[in-house]
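Welcome! Please take a look at the sequence and the 3D structure shown here, and then read on.

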Number of protein chains: 2
Amino acid sequence: MPNRSKVQSTTHLSPKMKPLGILGGGQLARMLALKAHELGIPVSVLSEHADDPAAQVTSLWIRGRLDDAETLRTFLSGCSVVTFESEFLDANLLSKLEAATRTSIAPRPADMAALQDRLSQKRLLTQHRLPTSEYFAVATAEEAGQAFESLGGSVGGAVVFKKRRFGYDGYGTFVVRTRKDLKAFLANFDEIPGSEHGFIAERFIPFRRELALMVARSKSGQTTRMPFVETFQKDSRCLWVKGPIKKSPALERLGRSLEKFLGNVGYVGVMGVELFDTGNGLLINELAPRVHNSGHYSMDALSEDQFALHLKCILDLPFEKPEPLSKGFAMMNLLGSSDRAPKWRLPADCKLHWYGKSLNRPGRKMGHYNVLAASPAKALALALKHRNAFKV
Amino acid sequence: MPNRSKVQSTTHLSPKMKPLGILGGGQLARMLALKAHELGIPVSVLSEHADDPAAQVTSLWIRGRLDDAETLRTFLSGCSVVTFESEFLDANLLSKLEAATRTSIAPRPADMAALQDRLSQKRLLTQHRLPTSEYFAVATAEEAGQAFESLGGSVGGAVVFKKRRFGYDGYGTFVVRTRKDLKAFLANFDEIPGSEHGFIAERFIPFRRELALMVARSKSGQTTRMPFVETFQKDSRCLWVKGPIKKSPALERLGRSLEKFLGNVGYVGVMGVELFDTGNGLLINELAPRVHNSGHYSMDALSEDQFALHLKCILDLPFEKPEPLSKGFAMMNLLGSSDRAPKWRLPADCKLHWYGKSLNRPGRKMGHYNVLAASPAKALALALKHRNAFKV
């Protein structure tokens, strides 16, 4: 059994409380809303379309845009606490509205701001001595050329340019391998949408495998973490996750450092952490201030899932360290491959989580399933086998 | 790991399918709807009030009465398959509407009819040679007196009279211990609401403990069962459940007989089975053609919960035998004790399932929580301890 928590929260829940608010109506919002229902937390969703995944699962859906100040103000005023499913919102505006309405937003808009910009995210990692690759800020084509040289691009190493803002699932990432690549990149530099916000440049990291974990901190300071898992990306999109990864002193050390980091920053909520295992060390690739695709396995494979954990963090409720319920687990993303309506046979041992999106589209995340087995490898083999049952 | 199923279902799911319909908007409907969302099954709920537990968790809520033929006909016409959370509906009407709309109802109205009447339920058990206590049909005060004598009431044994219809949680049950009791019961016989439907009379069974289990059968004939659990009733209402009960040849034999029974009857869905363990044998006390309070532990304690299992049965999807995820588990019902709005601190290891009822009321089922531990006894001890955290 997990260790009992020593932190005593005094927060009370009640069905009469103002609802928890979720900004956004996608799959992350949907899974948060379903978990809130389970815990008896009234939940309101702000999104644009009545057929959004999260809009379908609560009677307290509010239609509106996430970039409209008046809509946000009204929504916040009706909620006890507000969270979000994407960090790409106007953090400045949210911060002002938080002060004006006295409805707290968690994670805090300041943390959203720090992590939505890859440059400030890199600075934060460096400042807290968390391992990450060397980087340069790039605002102009000239600086891009200098960064390419400084990072060894001219002596055969590839260099990765990532947009500072609004990049995800590989969008806004440019791998420059040669001087010829560089020339083409620089020639188009000012035409790349979003280039006005600038880029960061990093050395391309040849990794043995990619890892991920979820870390969490509650408002009153309790921290915990989920197991390390291996993630596999195809076309820069998460395809599968397996775990738990065998414990090692280096992983445990990094896990503890990350929990400490959340405490030092005063962060509230769960945070997704993506890592490169270079075979020679661990480098943090990216942080996300929210529930995360790499943590979806927890819905069936751990004693506490990331959605419940996030809700407990932001409502300041105590929690236990999430522990695996089986020796191995795997998560398979169901990515669209056409515009046709999906259909599937449900294998008996697939724990399906479908998002209820109204339209299928190539590459779109339509759902995922989890599989438990006697080892991570066996779970992954089963998960891969079952993929054929889904026409998505 | 559970055994793989040998039954191959060819049913396909699709987000474009007509919704699954649920008759009723209480907690059982709510938990079914939440699980349907997870599996990507569109779900529509028919109930009277917008603040009903299940009405809050789907955008496809329809307002209406479950006893109105036109409402039911319209609802059925819009659904792919319809299920229910209470067996006390007009089975005859549902049967006709099923034929008229060609929307199948599962469990079948005929099975609802057989189980909603305690007399036909007893006959069914006897006919299928399932162990149950001796009984008499009682239509008049005179027959009640005869049954009392025949069951040994006059030589010191207590006799239980149960209304044939609409009895639940102890409502409609009369324990007659003495001739004086009998006289009072007979004097009021014709004034007892529902007495026009008659009673059954049984010998009062002094039991060592009460047990329960869920059995299940899919449309194409796959059957399975959940572990036996011990249940504890206070004031005739389920207070807690603990399990799993240590396996014994007698229990396994009865479990297999019940699965076979479902096959012989052609039943579709999960069925709740309540039992007396007399210390000298097992007697079936009651069957319910639906998800059941005694199976709520499965939401956190088994590899498959009763709600998913029920949906898979009625949609003809394959399933695995639900297996415990820990060595012990317990479920605690949160029964109202006042009219005040409930509030609670959430203990870290409580898996809460709150029903979102708008009003609290003494004895009302407001929610439940599950606890996992290293043994059934430890789980129950924890569950009892945590009850103080809830002001319900």
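This report visits a nonpolar core, a charged residue and some cysteines.

The model is predicted, so local features need pLDDT of at least 70 and side-chain atom pairs pLDDT 80 or more, while totals for chains, interfaces and linings use all residues. Residues are numbered from 1 along each chain as its sequence is written, chains are lettered from A and ligands numbered from 1 in the order in which they are written, and side-chain values use heavy atoms, leaving out hydrogens and water.

Let's start with the core. A nonpolar core is a set of buried Ala, Val, Leu, Ile, Met, Phe, Trp, Tyr and Cys residues joined through side-chain atoms within 4.5 Å; buried means under 20% relative accessible area, with a 1.4 Å probe and protein chains only. The largest such core has 134 residues, and Phe390(A) and Phe390(B) touch the most other members. Beyond four places in sequence, Phe390(B) has contacts (heavy atoms within 4.5 Å) that include Trp344(B), Pro347(B) and Tyr369(B).

Next comes Glu274(B), in strand β14 (residues 269–277; a DSSP run of E, at least two residues). Glu274(B) is buried but has no salt bridge, meaning a side-chain nitrogen of Lys or Arg within 4 Å of a carboxyl oxygen of Asp or Glu. The nearest side chain of opposite charge, Arg290(B), is 6.9 Å away. Among the residues in contact with Glu274(B) is His292(B).

How many disulfides (cysteine sulfur pairs within 2.5 Å) are there over all chains? The count is zero.

| Cysteine | Nearest cysteine sulfur | Relative accessibility |
|---|---|---|
| Cys238(A) | Cys350(A), 16 Å | 8% |
| Cys79(B) | Cys313(B), 19 Å | 3% |

Methods. Buried means under 20% relative accessible area, exposed over 50%, partly exposed in between (1.4 Å probe, protein chains only). Helices (H or I, at least four residues) and strands (E, at least two) are DSSP runs, numbered from the N terminus. Lys and Arg count as positive and Asp and Glu as negative; His and the chain ends are not counted. A disulfide is a pair of cysteine sulfur atoms within 2.5 Å.
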